[in-house]
Amino acid sequence: MMVDGVEDEEKWLAAGIAGLQQNAFYMHRALDSNNLRDALKYSAQMLSELRTSKLSPQKYYQLYMRAFDELRKLEMFFKEETRRGCSIIDLYELVQHAGNILPRLYLLCTVGSVYIKSKEAPAKDVLKDLVDMCRGIQHPVRGLFLRSYLSQISRDKLPDIGSEYEGDADTVNDAMEFVLQNFTEMNKLWVRMQHQGPAREKDKREKERSELRDLVGKNLHVLSQIEGVDLDTYKETVLPRVLEQVVNCKDEIAQCYLMDCIIQVFPDEYHLQTLEILLGAFPQLQPSVDIKTVLSRLMERLSNYAASSTEVLPEFLQVEAFSKLNNAIGKVIEAQADMPILGAVTLYSSLLTFTLHVHPDRLDYADQVLGACVKKLSGEGKLEDNRATKQIVALLSAPLDKYNDIVTVLKLSNYPSVMEYVDSETNKVMAMVIIQSIMKNNTQISTADKVEALFELIKGLIRDLDGAAHDQVDEDDFKEEQNSVARLIQMLQNDDTEEMFKIICTVRKHILTGGPKRLPFTVPPLVFSSLKVLVRQLQGPEENPFGEEGSTTPKKVFQLLNQTIETLYGVPAPELALRLYLQCAEAANDSDLEPVAYEFFTQAYILYEEEISDSRAQVTAIHLIIGTLQRMHVFGVENRDTLTHKATGYSAKLLKKPDQCRAVYACSHLFWVDDQDNMKDGERVLLCLKRALRIANAAQQMSNATRGSTGSVTLFVEILNKYIYFFEKGNTQINAAAIQSLIELITAEMQSDSNSPDPAADAFFASTLRYIQFQKQKGGAVGEKYEPIKV
């Protein structure tokens, strides 16, 4: 049926255009022969096509535009007629003899345009006559297009100030009166469309009305262009008359559109000075009107106006704009009890943006807006509407964007309360926005109280809210979130050791609630932030840098670190815990606290023995232990021997022979530390290297037994390099004969039939021999030392 209706409409439009063109042809012929009577006759018949009721507004517009083009030609003909001596007054009366009212009024408006231009009568009289006569058409669509034509032909002939048609002192009122009267009548016709036809076609009618709304709105645009409409005139006459019409029409579509038109077409300074009048109309609108959008646009325009120049800000203070907008929003929300939460939040979001632009220094205003929003949200529970949630995010982001400083935002007492009403996912989004703002602006958060407030704000990233299962979260997103928290922890700084320790304790309290999945991300930055406190103390005054009178002592920091790292046992994350224990041991070494350093090493060894079972993890861990232990200078002989003995024992018990070999020769460095004379035991170094050789030899024998070849000589070349290292360092136990013997052993192995070819090992050995040759060629003491070695 709809397809048939569209096809019928196309036929009617085609027939209307054909009839119009046919009569236009005869009209042109009459115009060419200066035949006035025939011109009027055929133009009336042409305009009769506009009497149809069968076309939709869209199709009617096509027909109207063709008629409009023809009327422009007719108007030019009428001008020529007046120049040839035809009385414009007689012509004005003559066109009123047309048989049908619609063609008659189109012709009357066309002649009226020429009549005004002739200035034989005041423009205001002709316009008043025309606007009154147009009441003869009460069909909504036909009436709207007729009055639109009247508006079109008269807009450049209004008796405005500075216009050639300007009349007496009251001329601007006449121009306004004409436009206002035309606007009022057009709005009545437009609203009447809603009440014609069956109820089932309501959607169709609303669509048609939407297509016609610009015809009505153009009147307000014309009003705004009248030069004589200054602020006083607008305030006393124009705005009250327009609002009266808007409120009295009691039509949802008209009210919403026209209020928006008022906001868009008139200047911002007019809105500011008439804010009370404009806002007073909002509670009187129909409950179904989308007030939030209209009010939001008003506040957006005023915000942009305030941002355009600082010179206009005193005007906002003078008219108490914030107070008026705040009260108006409160009244609107109160009047519309069933307003969706989206509407209320949108209004508060727009008001907050306005407040931040106009009163950036008044945090109490911003907090007042947030407080009103919390009050509205308090009866709603968690928000489930996605659009309302987006508006909450916009509301909370506005202060961050304006101040670029979370410390300022934390002064807004109602800010955290608003976040309580969003779901856990949105809470995370907002927390990420806050962290990104801190990092982007390098914001310094330097007190424990501020850190406490901040971590309460970002708790959606710190722990699971409402029992939300983090298993459902995308792993990449989760890692990004936790890495952001880690970066935030690293940014927390205070030069005062006492306050920094309080900050660390505050952060620790929060991150320990995060559960096992988050701790591997958040514990390491906390540990390193704590170690920074120790570094700062070490760099402090020489006298008593760890004075016991202060509440924050190195011992206290290390106790906190020990307790913090222990939490990783439950994750479990033994490798990470071991790394952190070793890091703390180094810090204790720098602080000359032997018992503390020994305790951290003990914890690392316990972890290695009890928790780390994977062979690869063991290899990594033992090399970390050896590297850290080698750098320690705080231990006495007994403690160092105990720890060294354990490390060498672990090295020899690794699963794979190559891993054993490398770990054992790495242990040789534990007995030879360059900058410590009491840590140079050449004999034990040699024992380690010989043991490594035995293990390398055993590895080759195992390879030969299982694969039929001895495998690579890489391990032997690596040990040779260790020999050369200690030989250069002056270890008397390592002599040229031992190096020579090892070179011969490697050469023999490489030439053996059972040896597997390994280009990398061959290159490594060749490079080592070149190094020895280079040292020999240096001459002097070095050359003499290397001279006995034959390569």
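Which residues of H33 are buried? Figure 1 takes up that question after a short note on the model.

**Model.** This is a predicted model, in which local features need pLDDT of at least 70, side-chain atom pairs count only at pLDDT 80 or more, and totals for chains, interfaces and linings use all residues. Residues are numbered from 1 along each chain as its sequence is written, and side-chain values use heavy atoms, with hydrogens and water left out.

**Figure 1. Helix H33 (residues 657–667) is largely enclosed by the rest of the structure.** Helices (H or I, at least four residues) are DSSP runs, numbered from the N terminus. Eight of the eleven residues of H33 are buried. Buried means under 20% relative accessible area, exposed over 50%, and partly exposed in between, with a 1.4 Å probe and protein chains only. The buried residues are Asp659, Gln660, Cys661, Ala663, Val664, Tyr665, Ala666 and Cys667. Their cover includes helix H31 (615–630), helix H32 (637–652), helix H34 (682–707) and helix H35 (714–728).

**Figure 2. Thr644 sits in helix H32.** Thr644 is buried, with a relative accessible area of 2%. Residues up to four places away in sequence are not counted here; beyond them, Thr644 touches Leu629, Leu670 and Phe671. Contact means heavy atoms within 4.5 Å.

**Figure 3. Helix H23 (residues 448–457) packs against helix H26 (residues 497–511).** The angle is about 20 degrees, and the axes are 8 Å apart. H23 is thus roughly parallel to H26. Axes are lines fitted to C-alpha atoms, for helices over the stretch in contact, and angles run from 0 to 180 degrees between N-to-C directions. Angles under 35 degrees count as roughly parallel, over 145 as roughly antiparallel, 65 to 115 as roughly perpendicular and the rest as oblique. The crossing of H23 and H26 is right-handed; the near helix is then turned clockwise from the far one by less than a right angle. H23 contributes Ala448, Val451, Glu452, Phe455 and Glu456 to the contact. H26 contributes Glu499, Lys502, Ile503, Thr506, Val507, Lys509, His510 and Ile511. By class, the contact has six nonpolar, two polar and five charged residues. Ala, Val, Leu, Ile, Met, Phe, Trp, Tyr, Cys and Pro count as nonpolar, Asp, Glu, Lys and Arg as charged, and the others, Gly among them, as polar.

**Figure 4. Helix H16 (residues 321–335) and helix H17 (residues 341–358) cross at roughly 180 degrees.** Their axes come within 11 Å. H16 and H17 are therefore roughly antiparallel to each other. On the H16 side, the contact is made by Ala321, Phe322, Leu325, Asn326, Ile329 and Ile333. On the H17 side, Ala344, Leu347, Tyr348, Leu351, Phe354 and Thr355 take part. The contact holds ten nonpolar, two polar and no charged residues.

**Figure 5. Ile262 belongs to the largest nonpolar core.** This core has 270 residues. A nonpolar core is a set of buried Ala, Val, Leu, Ile, Met, Phe, Trp, Tyr and Cys residues joined through side-chain atoms within 4.5 Å. Ile262, Ile406, Tyr415, Ile434 and Phe455 touch the most other members. Leaving aside neighbours within four places in sequence, Ile262 is in contact with Leu220, Tyr234, Leu239, Val242, Leu243, Val246, His271 and Leu278.

**Figure 6. Leu40 lies in helix H2.** Leu40 is buried, at a relative accessible area of 11%. Not counting residues up to four places away in sequence, Leu40 touches Phe78, Leu94, Val95 and Leu107. Asp367 is 327 residues from Leu40 in sequence and 70 Å away in space, C-alpha to C-alpha.

**Figure 7. Ser56 lies in the loop between H2 and helix H3 (57–83).** The residue is buried, with a relative accessible area of 15%. Neighbours within four places in sequence aside, Ser56 is in contact with Glu9 and Glu208.

Figure 8. Most residues other than glycine have a negative phi, and most peptide bonds are trans. Asn34 is partly exposed, with a relative accessible area of 42%. Asn404 is in the loop between helix H19 (386–403) and helix H20 (406–409), and is partly exposed at 37% relative accessible area. Pro572 is in the loop between helix H28 (554–566) and helix H29 (574–590).

Note on methods: Helix = DSSP H or I, 4+ residues; strand = E, 2+ residues; numbered from the N terminus.
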